[in-house]
Structure formats: C-alpha cells, structure tokens
Amino acid sequence: MNSGVNWSRLYTQDRCKSIGIPWNEEEARAVFALKIPADYVRQGCLTLEAYEAARGKREDSEKKTGKIALVHLKRNQLVALCDKYGIRTTDDALKPILVEALLQAGAPKSIAIEDVPKAED
Amino acid sequence: MSVRSTDFAALTDDLQSIVNEVRDLKIADMATASSLFDIQDEVRKTHDEVILHGLSGVEYVPEGSDFPRLNTEQGDTITWTQSQYGAIVPVTYLMRKWDLYNQISDIATSSMDDAMDKLDQSFADMLLFGFSASAYTDVWGLSVTPTGPDALSLFTASHTNDTTSATFSNLINDGTNNNPALTRAAIVNERARALKYTDPQGLTRPIKLDSLIVGPDNEDLAERLLFSTQIPGEANNDVNALKGKIKNLKVWERLDLRSDGTDTSAYWFMADSSKVKKTLKAYFTDRPSLQAPELVPENGDWEYILRLVYSRGFSWAPYLRGATGVN
C-alpha cells in the first residue's frame, strides 16, 4: 500500500500540514470546521481564541517594528524576493522551501513592510 | 519408490493442483474481504486512481436544442505501487529420494495457507489501521502509510475533496459521539446520516448502509440488534425497525486482532454493499500461485516459487463507515 499522494497539490490547497504530514483530527477540525487559516494552524493555533491571540500579536508586532516575517508573505511575494537574491525557482517550490532558500541566501527573518514586493497570489 | 527427474512434470501438476485447491478454499473463507474490495488484475506496476466528482450537466433540454456535454470535475489522485511477496517452496533431493510425498505436499499447502492468511489480514488491517494516518508495519513487515487521496486516514471526521470546500465524516456517530460502541442507536443514527449524504456539489446522494461488519466478539450482539423481531434489551414491545434494513451481517474473523497485536474487538463498520468497492481496491499482477522452477540447482533440489504481486488502497471513502467503539 505504498501510495503516491499528490502532497504538493494538497499543501497548496491547505489540505495537509506539510509534505508527507497529514492534518490530525484536531488540526483538521480547526482548518475545516473552525475555518482558521491553515498557516496559523500549522503554527499550533487549534482554537478561535488561540488564532485571534496569534493574529493580534502578529499585527501588534508588525505595527511596532514595521517589519513582516518571511513566513507571513504570500508565495508570489517570496518568489519575487528570491529573484532579488538570485535564487532560481520553479512552480513546484512551496512556501516553506522558498523561505528556507531565502534564509540560506542571507535574507533576514523579517523584512520592512515597504520592502515587500508587490505580488499577488 | 523415489520421485525421479522424469516425474517432475507429474509432481508439478500434482502440487499445483493441491495448492490451488487450498487457495480456493481460503478464497471462500475470505468472503468478507471479497465482498468489500474491488479486486482486479493490473498489468502495470502502478495503478493511478483518479476520483471524478459531480457528473453535473444532465439538464432540461428544450425541443430542438443541443444536449449539454456532461461535465466531470477531476478530484484527487493517488498512485498505488504493487509489491511482490513470495517464498521458495523446496522439494529437496532427499524428499524425492525417500518419496516423502506427505512432507512435499504439506510444505506446499502450508505455504499457500500462510500467503492467503497474510493476504486476508492485510485487507483487514486496512480497516483496523484506518483511524490514524500514522505509518504502521503491515503483516508482511513493510511500512505502510495509511492515507487516501486526500492525505487523511480511511476513517476521519473531515474528508476533503479537490473541487469544493465541502467535507464529510465517515466516522460512525451515535448522535453525540464519534466512535461509539456497537449499539442500536449508533446504527440508526449512522444509517440516517448516510441517507442524507451530500456530494461535493451539495447534491443529496443517498448512501444506503445495508451491511454491518463486526469481529467475532460482537457477532452475538450484532445478530440480536439486527434480526430480533422486537427491540433487544428493552422492556417495551416496539418492533425492531432495523430488521430487514441492514441485510448483511458480515463477521470477519480477523477484525478482533490487528497484525500488531492490538485488541480491536470493539471495532465495527458499516457499508453500502453496492458502492463500497468504489472505496476499497486491490490490484493483482500475480494472484497467489505456485510456479514451477525453470532450472534445477546443483544440489538437486526442486525450488518451486510461491508468488503474489499486488497493491491495495482506498479511494473516495463515504461508502464505508467505521468506529473504534471506545465511546
């Protein structure tokens, strides 16, 4: 029963936690029943309260520092940043891979909000 | 009288006939697995399963108008890869020299017995390990990742699809809890829930759960729940409305014990017999058989090969429901 599940497609649709890691029951409930954004569930927010708190904390931090963490950027924004750092990408590269590549290329964990490339997913 | 080289063809015919008889008897014992799994032949190493959703497009057609083209939505995909299992069944030089025919036939039939028992257990384990997506070691000793096309376990509360955000649960629910023990209330509630099942497009597509699948420990309770004329265990004289609705009670001997030794006697399942084969699938390149040796080794032994090559997996899963019975 060695199965070839289309993990990258499931990941881009927020239907698994990571490549090769399915949602567990609690996480699936948070994503599909409570409609908490998958990125927050991936960070451990399993209830609406935890999600609201994490979102508030993030907004406060962004306001205070004027910076946004790479993990909170959209995929196309990360691709544009990769271009800036001379990293070649393909459509198969998922968000966590792009973030890792940027960090390895010397990008900071957070960048100034005005430096965020204007790119939409 | 010893078995000579010239007797090779006759012995091969004889062994294959005995072994096939054992296999056919075991297949008869595997009636539950055969009724749940869609078992097909497959000539390729891998089988690509594609789920199609919807088939929307059957519409009102005014006179003189063209018929609309049927529109299918491609859902998730999954690929199952076949693996080979087998053993050498030796007919040694001395077995032949001393005409130990009983040993020869015993070794051949035991090997087929072993293969068929493991095959049946591998099917049962798909259900028994179906409540978690964590990898397990199957009866053949291989690591198995028990996820379906949506990367979730066979039985889960939020099965997803590739076309809409709709989800469905195929964990049996008694109206309050998932994974209830086998009770009349749980059967009644799950049967009603399945009848109201809606597909990813939101159209009601009733699933008629007409089969109850239990292990030996639940057999007596299941028979009373399904076939008593009045409601079992209650003082009133109400008729048992379940009688005649769940037509098939399948007692699968392997459901009480998982291949890792876990007691699973409380597990129970329900299925729509007309559709469950859309969920559970098995593909064989080689069905179990004893193959004659093509060469004789220097030591004079005749090495027959018992071989099977197959894959198994699960696809779109609303037609099978399960409970661990813990609640």
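## Exercises on chain A of a predicted model

The domain assignment of chain A gives domain 1 (1-64) and domain 2 (66-121), the bounds coming from an automatic or database domain assignment. This is a predicted model, in which local features need pLDDT of at least 70, side-chain atom pairs count only at pLDDT 80 or more, and totals for chains, interfaces and linings use all residues. Residues are numbered from 1 along each chain as its sequence is written, while chains are lettered from A and ligands numbered from 1 in the order in which they are written.

**Exercise 1.** Determine in what order the elements of chain A run from the N terminus.

*Solution.* Helices (H or I, at least four residues) and strands (E, at least two) are DSSP runs, numbered from the N terminus. Chain A has six helices and three strands. Their order is β-α-α-α-α-β-α-α-β. As to extent, the C-alpha trace of chain A spans about 40 × 35 × 25 Å along its principal axes.

**Exercise 2.** Describe how domain 1 of chain A touches domain 2 of chain A.

*Solution.* Begin with the centres, taken over C-alpha atoms: 19 Å separate those of the two domains of chain A. Next, count contacts (C-beta atoms, placed from the backbone, within 7 Å): five residues of domain 1 of chain A meet six residues of domain 2 of chain A. On the domain 1 side, H1 and helix H4 (48-65) of chain A each give two or more residues. H1(A) gives the most, with three residues.

**Exercise 3.** Identify which element gives the most to the side of chain A that touches chain B.

*Solution.* In total, 16 residues of chain A are in contact with 22 residues of chain B. Strand S1 (2-5), helix H1 (7-12) and helix H2 (25-33) of chain A each supply at least two residues of this side of chain A.

**Exercise 4.** State which residues of helix H5 (residues 75-84) of chain A are buried, and what covers them.

*Solution.* A residue is buried if 20 or more other C-beta atoms lie within 10 Å of its own, with C-beta atoms placed from the backbone. Of the 121 residues of chain A, 23% count as buried. In H5(A), the buried residues are A:Gln77, A:Leu78, A:Val79, A:Leu81 and A:Cys82. Their cover includes helix H6 (95-104) of chain A. Just after H5(A), A:Gly86 takes a positive phi of about 75°.

Methods. Buried ≥ 20, exposed ≤ 12 C-beta atoms within 10 Å, placed from the backbone. Contact = placed C-beta atoms within 7 Å.
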